[in-house]
Amino acid sequence: MVNDQTKYFIAAPFGNYIKHKNAISVKGTYTMLHRRGLIKQLFKTLRYDFSKKGWKNELGLRNPGIKHGLNKYKNNGKEIISIAAMLPIDWEDFARVIPDYINLELNLSCPNTDKVEINYKTLTKFYNAFWDNKRQWCIAKISPLSTEDEIKRLLDIGFGQIHCSNTLPIIGGGLSGKELMAYTMKHIDFLKTNYPSVKIIAGGGINHIDIVNFYKGKGADYFSLGTVCFTPWKLRKILNA
């Protein structure tokens, strides 16, 4: 169970490498099949955009596949597996191979792959496959550009934990950092006004405890730490505050 101190998530892919007593590490993101070229794509595309004050990349969900992720998973309440579908049928395949006790985050909006529209029919089948599930977390990670109707459809399926939000699609990849804050705030306002029982994980631009407190004051319940992991001294200050 999450205690009062565990209010942070270390976002994928940083959660593959970073652990902290006050955080849950998000591993992945994993697809059904192995997608090669992570290190090569990392060196080719990861850049800091000074004009937008954020990190840009085109990693495109390179990963060793869900079977690898399942083999590495520790059922200790401190890990979550992030998964993403490359094809609509992948959600049914995920439901077939992932045990019902494993904590999950569904990456529904990676900007660095060929665009896969959310297939709500197969996503519903995935969710319903675990009607008696034992997992504590089944998070829907949405896009900064998600519409209110798209969010409503996820809530109608049954998702009660929403991560606001993924990286922002831009020319040349996906952007992380403070540019996301306006989008995150829009999502928080919508959810807290209309669905106050939904648990919100706020992400985007968190590089100081003041931003955590800002999101908390707006209604966020938990906080996702991503690109701040590039500056470990800032990360430690937030986690130990």
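Tutor: In what follows, two residues are in contact when heavy atoms of theirs lie within 4.5 Å. The model is a predicted one. Among contacts in the protein chain between residues at least 6 apart in sequence, 64% join residues at least 24 apart. The chain has eight helices and twelve strands, and buried residues make up 50% of its 241 residues. Its accessible surface comes to about 12200 Å², with 52% of that belonging to carbon and sulfur atoms.

Strand E7 has a partner on either side in the barrel order. Strands pair through backbone hydrogen bonds, in either a parallel or an antiparallel sense. Four bridges join E7 to E6, and the two strands run parallel; within this pairing, leucine 104 has cysteine 138 of E7 as its bridge partner. With strand E8 (residues 161-164), E7 again pairs in the parallel sense, over three bridges. There, alanine 140 stands opposite isoleucine 162 of E8.

These pairings belong to a barrel. Eight strands close into it in the order E1-E2-E5-E6-E7-E8-E11-E12, with parallel pairing. Ignoring direction, neighbouring strands of this sheet are turned by 25° against each other on average. The pairing of strand E1 (residues 8-10) with strand E12 (residues 222-225) is parallel and has three bridges. Here the bridge partner of isoleucine 10 is leucine 225 in E12. Helix H8 (residues 232-239) packs on the sheet and touches E1, strand E2 (23-30) and E12; the direction of H8 makes about 155° with that of E1.

Aspartate 100 lies in the loop between helix H3 (90-97) and strand E6 (104-107). The relative accessibility of aspartate 100 is 19%, and it therefore counts as buried, since the cut-off for that class is under 20%. Beyond its neighbours within four places in sequence, aspartate 100 is in contact with Phe130, Asp132, Asn133, Lys134 and Arg135.

From H3, Trp91, Glu92, Phe94 and Ala95 meet Thr122, Leu123, Lys125 and Phe126 of H4. By class, this contact has five nonpolar, one polar and two charged residues.

Helix H6 (residues 181-194) and helix H7 (residues 209-218) have axes that come within 10 Å and cross at roughly 25°, which makes H6 roughly parallel to H7. Their contact is made by Met181, Thr184, Met185, Ile188 and Lys192 of H6 together with Ile211, Phe214, Tyr215 and Lys218 of H7. The residues of this contact divide into six nonpolar, one polar and two charged.

Notes:
Residues numbered from 1 in each chain as written. Predicted model: local features only at pLDDT ≥ 70, side-chain atom pairs only at ≥ 80, totals over all residues. Heavy atoms only, no water. Buried < 20%, exposed > 50% of the residue type's maximum accessible area, 1.4 Å probe, protein only. Areas by Shrake-Rupley, 256 points an atom, 1.4 Å probe, with all protein chains shown as cover. Pairing = 2+ DSSP bridges. Axes fitted to C-alpha atoms, helices over the stretch in contact; angles between N-to-C directions. Nonpolar A, V, L, I, M, F, W, Y, C, P; charged D, E, K, R; others polar. Parallel < 35°, antiparallel > 145°, perpendicular 65-115°, else oblique.
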